[in-house]
Amino acid sequence: MSRLPTDLSSKLDLALKRANMSKGRLASEARVDKSLVGRWARGLVVPSEHNLAIVTEILARKFPGFDLASWQMPMDAFAVSIGGLIPLAPPQDPLATLPTGPGHFLARALAESAATMGREGQNCLGVYLGFRHGISMGGRLICDLYIIWRESGALCFRQYGISFAHIGPVCVLRSQVYLMGEDIDVIHGIFFAILNGVLGGRAVRMDGLLLTVSGNHRLNTPSSTAMVMQRIADLPPGDGCPDKALLDRLIRRVRTQVADDAFRSLIAPEILAAISVPAGVDRAAGSGEHTLRVPAERSLSRNEIECDEPAARYVKRLREIFIAEDAALLPMAPLAGAPGLAL
């Protein structure tokens, strides 16, 4: 056997993530100790020829054409050979050059999410309507405009509301999507959203919680409300946020619709039910959790493959209202896995 490449541990870790296979499962199928697989993935030891052949055979069931020669490929080519576009993590540890200490937690969290972002971040790119109840607005139904785009390898978002706007980074960790933004107009205004992400394919819907302060100074109350983000458009190819003039036209349409008495009728019944849940989640035993959260078993988060015909018709209706003459600038390709549902 040829000499093992120095980046074999990174390739093994990448392959396991792309195969959605845990180290424990690989250990079970290869009939070795789980701790040994962990040492392989961290580069502390290298697999024997026998064990590497077994691991290769297991991965070949996930990746057609995968063989022992695959380990010798350059990292970029290796990533492509197992169905990826880019490596899930850079060759060097991105945390190694970051300062430690509690004051740098955000930078470290974003760096730690790099692997997940390579696999799942592209699923989030697009233009969304965010449906929720207004915080400190008497329960008024609200619609925000969200744009998630890629900028120099990182994910960013903009949120335009009825009376405020935020911008900031997007962090993807453990299939959850975190939006962390600062108010564009108000000093020290901060916005957070935590969403249930999707695996495989573009996100059609993502639900979760919005967290902020219900006002523009520190004496107001921290507040949270359920929200659902509904995709209405893809982004043009390449990095960067759409043209500001285009976004201004979109948010004007959003504000016009929210001001209309018939706005409630534009919110799909399942979305309206999801954003109207009270605090506390009922359990089968009759007890409740005194936490505002979105139960995983009732999540509306869906990717394009899971999109059914009613959901596709709903997206088409929203596009006709909100995208209008800008459709050519914000195309939405036919939904993969859903034949005949071209939008």
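Good morning. Please keep in mind throughout that this is a predicted model. The chain contains 10 helices and 11 strands. It has 343 residues, of which 44% count as buried. Taking the contacts with a separation of 6 or more, 58% are between residues 24 or more positions apart.

I begin with the nonpolar cores. The largest has 34 residues, and the members that touch the most others are Val127, Leu129, Phe131, Leu145 and Ile271. Several elements supply at least two residues each to this core: strands β1 (126–133), β2 (141–151), β3 (154–160) and β8, together with helices α8 (244–259), α9 (269–275) and α10 (309–322). Which element gives this core its largest share? That is α8, with six residues.

Let me now turn to helix α8 itself. This helix has 16 residues and spans 22 Å from its first C-alpha to its last, close to the 22 Å expected at 1.5 Å a residue. Its buried residues are Leu246, Leu247, Leu250, Ile251, Arg253, Val254 and Val258. Viewed down the axis of α8, the buried residues fall within an arc of 155°, and therefore they line one face of the helix. What do the buried residues of α8 pack against? Their partners are β1, β2, β3 and α10. On the other side of the helix, Arg252, Thr256 and Ala259 are exposed. At the N-terminal end, α8 is capped by Asp243, which places a side-chain oxygen 3.0 Å from the backbone nitrogen of Ala245.

My next subject is an arginine. What polar partners does the side chain of Arg231 have? A polar atom of this side chain lies 3.1 Å from the backbone oxygen of Asn123. The side chain of Arg231 also makes a polar contact of 3.0 Å with the side chain of Asp234. Setting aside neighbours within four places in sequence, the residues in contact with Arg231 include the run Asn123, Cys124, Leu125, Gly126, Val127 and Tyr128. Arg202, Ala203, Val204, Val315 and Met332 are in contact with Arg231 as well.

I come to the aromatic residues. Across the whole structure, a search finds seven aromatic pairs. In one of them, Phe66 and Phe78, the ring centres are 6.0 Å apart and the planes stand at 75°, so this pair is edge-to-face. Phe66 lies in the loop between α4 (49–60) and α5 (75–81), while Phe78 is in helix α5, so the pair ties together parts that are 12 residues apart in sequence.

Another pair is formed by Tyr146 and Phe191. Here the centres are 6.4 Å apart and the planes are at 45°, so the pair is tilted. This pair links distant parts of the chain, with Tyr146 in strand β2 and Phe191 in strand β6 (residues 190–196), 45 residues apart. Tyr146 is buried, at a relative accessible area of 1%, and Phe191 likewise counts as buried at 1% relative accessibility. Finally on this subject, ring pairs join Phe63, Phe66, Trp71 and Phe78 into a cluster.

I close with helix α3 (residues 34–42). Leu36, Val37, Gly38, Trp40 and Ala41 of this helix are buried. The elements that cover these buried residues include α1 (8–18), α2 (23–30) and α4. After α3 comes Gly43, which has a positive phi, near 80°.

Thank you for your attention.

Key
Residues numbered from 1 in each chain as written. Predicted model: local features only at pLDDT ≥ 70, side-chain atom pairs only at ≥ 80, totals over all residues. Heavy atoms only, no water. Polar contact = N/O pair within 3.5 Å; in protein donor to acceptor, adjacent residues only side chain to side chain. Contact = heavy atoms within 4.5 Å. Core = buried A, V, L, I, M, F, W, Y, C linked by side-chain atoms within 4.5 Å. Buried < 20%, exposed > 50% of the residue type's maximum accessible area, 1.4 Å probe, protein only. Helix = DSSP H or I, 4+ residues; strand = E, 2+ residues; numbered from the N terminus. Expected span 1.5 Å × (residues − 1). Arc of directions from axis to C-beta. Phe/Tyr/Trp six-rings, centres within 6.5 Å; stacked < 30°, edge-to-face > 60°.
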